[in-house]
Amino acid sequence: MDDNQASWMPAIRKGDGPVYLAIADALSADIASGRLAGGFRLPPQRALADALGIDFTTVSRAYAEARKRGLIDGRVGQGTYVRARRPAEGRGASTGLVDMSMNLPPRFEDAGLVARMWDGIADLRAGDGLGLLLRYQEAGGTARDRAAGARWLSPRLGAIPAERLLVCPGAQGALLALAGVLAGPGETICVEALTYPGFRSLAAHLRINLVGVPIDEHGLIPEAFEAVCAEHRPKALYCTPTLHNPTTATLPLGRREALIEIARRHQVPIIEDDAYGALPADPMPPLAALAPDLVYHVAGLAKCLSPALRIAYLVLPDGRSAARVAGAIRATASMASPLTAAIATRWIEEGTADAVLAAIREESRRRQAIAAAILPPGFGQADPQGFHAWLRLTGPWTRGEFTARLRSAGIGVVASDAFAIASPPEAVRLGLGAAANEDDLRDSLRVVADLLSQSPAISSMVV
């Protein structure tokens, strides 16, 4: 042990409760008093155990407790250090550890753009501001809101007739309406073998059967889709071709064309969930651009603009199907919120939405670079244009044990069970956008990497 490490020895008394908590409390007190500064290297766990005359496991639990409190930071192959204390940023206390179970767009640091977003909301008071607050609207949105949606989607879908676009209460509201129109109780919709948990939930609510179609690192496999069509005669295919959730795969053009050809032959309409479709700067053509007469295209704003708006644009094959789905929206949710639809419209018309999208793209790229630098090479699958990552577990780790161990350290991830239609793989999804800032993301990813470098038996805190 070098002089730096030997200079810290916790003052504890073995009669004052659990020893591991006493060590963590002593560490907290010494950091608060300034005795231990950020970057101070703590003694190795075994060395401290020997010095105190206690079990190694007790010190391991103490360090884990301190890490959970955000006091220390383990660096693979380098040791354990006191975390640097950053100045408060007006966002409340942060432990430095992140619940990465929610897949949120990352926060960006651009005060001018944030002010511009709020100014757009404030400007809604002009004109008939009170009427916006006190009136209902037709299911499917006003003509102005539909026109804004068509403008937002035009770079990917081209010109869209107003009668084929509906403004929906979020992507989930659009998917609920679509599933109810296209399939009835006991009927089948096929989905990717790993699929959006929200679609699984609404299918269970509507008593619709889901059949999984095998996928690989490139996404849905067309030959497998054809086999499912022949065997199960599904009422629809639901899929996320771009930046798939959870695997991040983007379906190549050849596969997109093959899926459409198979769907036409078997008369299977396609529900295209394009939640992440706006993120790529040079996107693959959406299925709806390749087959507008066959595809129901759902483009939510939650991942590319703001989850708080709860607005999605739904492009349908024709006016007749639009009328049917508008009726389903009216029956299930009445309408999209006029206020949030107006906010989205104002942002799109003034160019604020494009600026926010550009900021989210840049911050997503930065966070993917952080993940690539910290997580072990070949950890799984990611795309620099998205903000989630798919972590494949190898060796002795199981998804359940890995998820539980991270949860005990204050970090949330989602195990593959939430997405799997059949047998879940040993994998978890990391939401890189959930961290309030890049430093917190680094702290959490280092804990993930540190855990990956250990075996479950070595890192166990069970006594």
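Rings of Phe, Tyr and Trp (its six-membered ring) are counted as a pair if their centres lie within 6.5 Å; planes under 30 degrees apart are stacked, those over 60 are edge-to-face, and the rest are tilted. The structure examined is a predicted model, in which local features need pLDDT of at least 70 and side-chain atom pairs count only at pLDDT 80 or more, while totals for chains, interfaces and linings use all residues. Residues are numbered from 1 along each chain as its sequence is written, and side-chain values use heavy atoms, without hydrogens and water.

A search of the whole structure finds four aromatic pairs. One of them is stacked, because the rings of Phe 199 and Tyr 238 have their planes at 0 degrees, with centres 4.0 Å apart. Phe 199 belongs to helix H9 (residues 197-206) and Tyr 238 to strand E8 (residues 236-239), so the pair ties together parts 39 residues apart in sequence. Helices (H or I, at least four residues) and strands (E, at least two) are DSSP runs numbered from the N terminus.

Two packed helices are described by the angle between their axes and the distance between the axes. Axes are lines fitted to C-alpha atoms, for helices over the stretch in contact, and angles run from 0 to 180 degrees between N-to-C directions. Contact means heavy atoms within 4.5 Å. Helix H8 (residues 170-182) packs against helix H13 (residues 319-332) at about 120 degrees, with the axes 9 Å apart. H8 is therefore oblique to H13; angles under 35 degrees count as roughly parallel, over 145 as roughly antiparallel, 65 to 115 as roughly perpendicular and the rest as oblique. On the H8 side, Leu 176, Ala 177, Leu 178 and Val 181 meet Arg 324, Val 325, Ala 328, Ile 329 and Thr 332 of H13.

For helix H5 (residues 111-122) and helix H14 (residues 338-350), the packing angle is about 120 degrees and the axes are 9 Å apart. H5 contributes Arg 116, Met 117, Gly 120 and Ile 121 to the contact, and H14 contributes Ile 343, Arg 346, Trp 347 and Glu 350.

Four strands form an open antiparallel sheet in the order E12-E13-E15-E14, where pairing requires at least two DSSP bridges between two strands. Strands E12 (380-382) and E14 (414-415) stand at the edges with a single partner strand each, so one side of each has no neighbour in the sheet. E14 is joined to strand E15 (residues 427-431) by two bridges, and Val 414 stands opposite Arg 429 in E15. Helix H16 (residues 399-408) lies across strand E13 (388-392), E14 and E15, at about 35 degrees to E15.
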